[in-house]
Amino acid sequence: MDILQILLSESFWAASLRIATPLIFGVLGALLCEKTGVLNLGIEGIFAAGAMAGWMAVWLGAGLWGGVLVAALAGAFFGLIHAILTVPLGLSQHVSGLGVTMFATSVSYFTYRTALPNVSSPPRIEPFQPLDVPLLSDLPFLGPVLFQQTALTWLAILMVGLVWYVLNRTPLGVALQAVGDNPDSVDAQGLSVYGLRIGAVVAGSALMALGGAFLTMSAFDAFFFGMVNGRGWVCIALVIFASWKPGKALLGALLFGAFDALQVRLQTEVGALLPGQVFLMAPYILSIIALVVAARKADYPRALLTPWFKGQR
Amino acid sequence: MNGLTKRFGSVVANNAVDLTLHRGEVLALLGENGAGKTTLMNMLFGHYMPDEGTVDVADDAGALHPLMLGHPQAALAAGIGMVHQHFTLAENLNALDNIVLGSEPLRMLKRDRVGARAKIARIMEHTGLQAQLDVPVGKMSVGERQRVEILKALYRDVRILVLDEPTAVLTPQEADTLFDSIVAMTREGLSVIFISHKLREVLAFSHRIAVLRHGEKVGEIATDEADERVIARMMVGADTPETPRSELPPGAPVLQLKNLSVAGRSKRDSLEDVTLTVHQHEILGIAGVSGNGQSALAGVISGLNQPTGGTLTVDETAIANPTPRKMIHAGVGRIPEDRHHDGIVGAMSVAENMVIERLDEPGVQANGLLKRDAIRANADRLAADYDVRGPGVTARARLLSGGNIQKLILARVFEQNPKLILANQPTRGLDMGAAAEVARRLLEARTRGAGIVLISEDLDEVLSLADRIMVIHDGALIEANSRDREHIGLMMAGELT
Amino acid sequence: MIRIEPRQSSSRLMTLGIPVLSAFVALALAALPLAFAGANVTTAYQEMFKGVFGSTFAFTEMLTRATPLIFTGLAAALAFRAKLWNIGAEGQLYLGAMAAVAIGAGAIDAPSFVLIPLIVLFGCAAGAVGMAVPTVLKSRFGADEVVTTLLLNFVILIFLQMMLEGPLKDPMGLGWPQSPPILDQGMLPPLMDRMRVHSGLIIALVCAGVAQFMLARSVWGFKLRAVGENAAAAKHAGIRVNRSLMSVAIVSGALAGMAGVSEVAGLKGYLTADLSPGFGYTGIVVAMLAGLSPVGVVMSAVFIASVFVGADSMSRAMGVSSYLADLVVSMSLLCVLIGGFFARYRIALVKTPKGEQA
């Protein structure tokens, strides 16, 4: 089987979309935060918190959608910490984000360990099943790729449209874009800079947590330590690659998913020639390359990283 | 009653200021830089919270209502609009979005763009203010941005419009057009407060003048009864001293630019085929409206920008690929436009900032280690010579006032006896005393034999200091053959070449 | 109405007091998770204290734990002073460790006074390269070093696994992915009999002292501070910003690499993929808690190491998850951040004058 055959196979594209799903949530969330001027490096920890909280809620009997809600709330909570530290207090977004990542990760791990002190193999839940749409699922090619994904993948794609619509077609979106470019413009029109930024960071963090929830509730059926494995950081690179546009974010996540799916398949094909780690490294190196390529022409939101204080102009 | 009353209490910047504005009136708020004009207006608009005092605003029927302070929302609701000196526009959005921003409730699921366009079109027709609605503000000229700012205020149906230094970024002719629009608006019942420190325009366009000094209102006069001398004395508290200057024959050239071009990111920071020469004993004034390539010109001379064509010669030596380092070594002293951003490292001490440009010299370091005593002694001496006042030379530079920061930079620059001095907006934001000090130092350097490039948006400053004047417009430089204000104004607008 | 006002100057007491206070607040906040885990809070704190100060062994264990944290803390502190966000100390640590075993595990047979400096040199060089690459990507292409260093951590960790299963694999290791041991004469000598604390600690303390001196007294330190505080003004004043950043990147990476050298050649003797329980990331907390001062790094590394060692010991005694330590460490970072806010600003309550309701 050669690369062309891989690229034409249904299972490859189905896997790409599956791998891309958590990244779509993550990139959208990071985009929403950065669009208003706040870099959210809490993403890696918020992924872990979403994964743990969602899984645990289901394990405790909340039901799958109950788990999704709990994950989003957990993300919103850690996002609120980051928002308070960086928006009204105007503290370093880099350090606060890293602090939130460490905090969210250790809260998740500690909670998991405390709830399940003596388990050797992690307990499993019944995860989201593929949405089997009659007729459509039986379509050749498209059927397996699109209509055998779980509800969370569909939710992710729906969110792309929603975030795009809100940003580009509503008064709220105009205000969010303005606050990331020049907070004074929003303040002068009587809108609250703090409110818009805190709201965006909280909502963005909830989206990020859904990416984590996908890992434990759809991609796998259990929670593992270290399962986020840099996905959050990849999202931060992809936002720049996507130049802060939801549509391009979807594209970037899909490209990344396709590449990751490809390297897994190549590994089984030509694994004898190269050590497996070369393939494992590839997605991270790809993210770095994407960042290097996009960085020079990147049109950063002008107010990114710049704190704003009321009454100090 | 068909008037409005505003009372302000004592804050640090404003001490118990009372003001009254009548319907359909243009009130000029006059004062030096730092007199508290902008602070006062920011309190009115809710950006600042006053410590004492109240504001009352009349409704349409003329009844006075107290205004909730500290909330721009309340000010907007009461019909107060403000056009800031630093525009409050989102550059990534187009003019339409900027104008409508905040006037629709955020919970709305759609925007009403048709209705908004119709309303803006009506306002444009009434006032004669024109702007392209679908162009991102980042791509607009300064003049157009200002019109968007004013349209933004008018769109909110303001009855009181505050303009903060509206002409600072305009050519004299553009300024006249703006004031014509303002007069047209007042005929329809709009009341206008405009902040200025330019006596000329205040006398020409206002009905009444209120003068602020050191945060207090020191006088109020009907414009008909005022003349320049009276209000100047009110502003400063004394007659302004004239800076004496002597006639000096220019010497050898110290700076030559030949066909120099800079390709910036936008037209605003590009230069096209610029040729100029500055001699010893000569101040070359560069007049122009901001955003016409001044920053590119200053960038090249200070070594921050790379020319894309042409040659740069300092004191007979051609400099290829200029860097700040090379320019310093070539004997160029640079006074940057934004003194906080480019001039000092605020978190480091005054003493350290005084030697930051000559860290390689043996007087400052030996074997890579700083000579702390020498640095300290140097700072003590310069602080005394240049009258840098503040909490001491070991204190952080950001604790100094704007004027003292500028003195720190002057000390650093003039102490090296530079052959060429680039002074970019050297008096912007300074009070008259500090500004006079800058002018005196520049003239002193001229007498000593330095050549000086003075870039300024203040035409009066250029006229009073420069031996020769060139006008910068759209990245091109043209020699002004006349010192006539009207003539130079037309050149600044690009209508005379 | 609440207003935030910048303080004119922050007092010496505050710069010292706020980190100490933050550390204790974070430690006190640990009572919440302890109670959540159903432990007796008082006993738990006693166990933690005993785990650090209960015996000479416990105390030297804490110092052993502090050693790599001083190195990674210094790596973060110096880079952050120049506003170079090196979040890649974890990866650079492993690069240093790999270089140490590549040189020291038999490749070169030389007496101690030759071999140890060589190991240190190559370990530091490997770490330096690990930070130089993202710095070049930053200055040449504008690629944000936060993201690149974070991603490189994962690349390097996978590379490490590849090496441990390939060229660096110990043939006598019974198939485990681990490196052959460093020659005896390549090991950093221990400081005390029968204790694990080793001379890496001395090197760390010397590095902290030198860094403190260079930062305050050298032209290099002057430029570094200027670039970090205001890069635009530094550039305008003729300081070559990229060159300055590169030099601090090399020093920062070398220090992180030295952390790896010290762990491999001072403590473990051989390299595995779990050499560092996140020393690189914890170094960021150490640096922030130290207010980015090199001497402060020593003190905050001792504090953080105490938390880890104490929590480990408490965990063994009481069955509470040792992730408690990570929780305390992350909370102390958030606390010191908030504390830093109060050092720079004060919150003034402004009375709203009467009669101003719209």
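Two residues are in contact if their C-beta atoms, placed from the backbone, lie within 7 Å. This is a predicted model: local features need pLDDT of at least 70, side-chain atom pairs count only at pLDDT 80 or more, and totals for chains, interfaces and linings use all residues. Residues are numbered from 1 along each chain as its sequence is written, while chains are lettered from A and ligands numbered from 1 in the order in which they are written.

**Chain A against chain C**

Helices (H or I, at least four residues) and strands (E, at least two) are DSSP runs, numbered from the N terminus. Ala, Val, Leu, Ile, Met, Phe, Trp, Tyr, Cys and Pro count as nonpolar, Asp, Glu, Lys and Arg as charged, and the others, Gly among them, as polar.

**Chain B against chain A**

Next I looked up chain B. Here 25 residues of chain B are in contact with 20 residues of chain A. On the chain B side, helices H2 (72–77) and H3 (95–100) are the elements that give two or more residues. H2(B) has the largest share, three residues. By class I found 13 nonpolar, seven polar and five charged residues on this side of chain B.

**Chain B as a whole**

I noted 17 helices and 22 strands in chain B. Its radius of gyration is 24 Å, close to the 23 Å of the globule rule for 497 residues, so chain B is as compact as a globular protein of that length. The radius is taken over C-alpha atoms, and the rule is 2.2 Å times the number of residues to the power 0.38. The C-alpha trace of chain B spans about 75 × 50 × 45 Å along its principal axes. Of its 497 residues, 49% count as buried. A residue is buried if 20 or more other C-beta atoms lie within 10 Å of its own, exposed if 12 or fewer, and partly exposed in between; C-beta atoms are placed from the backbone.

I then looked up the domains of chain B: domain 1 (3–236), domain 2 (241–331 + 418–497) and domain 3 (352–416). The bounds come from an automatic or database domain assignment. Twelve residues of domain 1 of chain B are in contact with 13 residues of domain 2 of chain B. On the domain 1 side, helix H6 (residues 172–187) of chain B gives the most, three residues.

**Two helices of chain C**

H4(C) (residues 56–81) has 26 residues and reaches 36 Å from its first C-alpha to its last, close to the 38 Å expected at 1.5 Å a residue. The expected span is 1.5 Å times one less than the number of residues. I found a kink of about 25° at C:Ala66, shortly before the proline C:Pro68. The bend is the angle between axes fitted to the seven residues ending at a residue and the seven starting there. In H4(C), 21 of the 26 residues are buried, so this helix is largely enclosed by the rest of the structure.

Just after H6(C), C:Gly142 takes a positive phi of about 75°.
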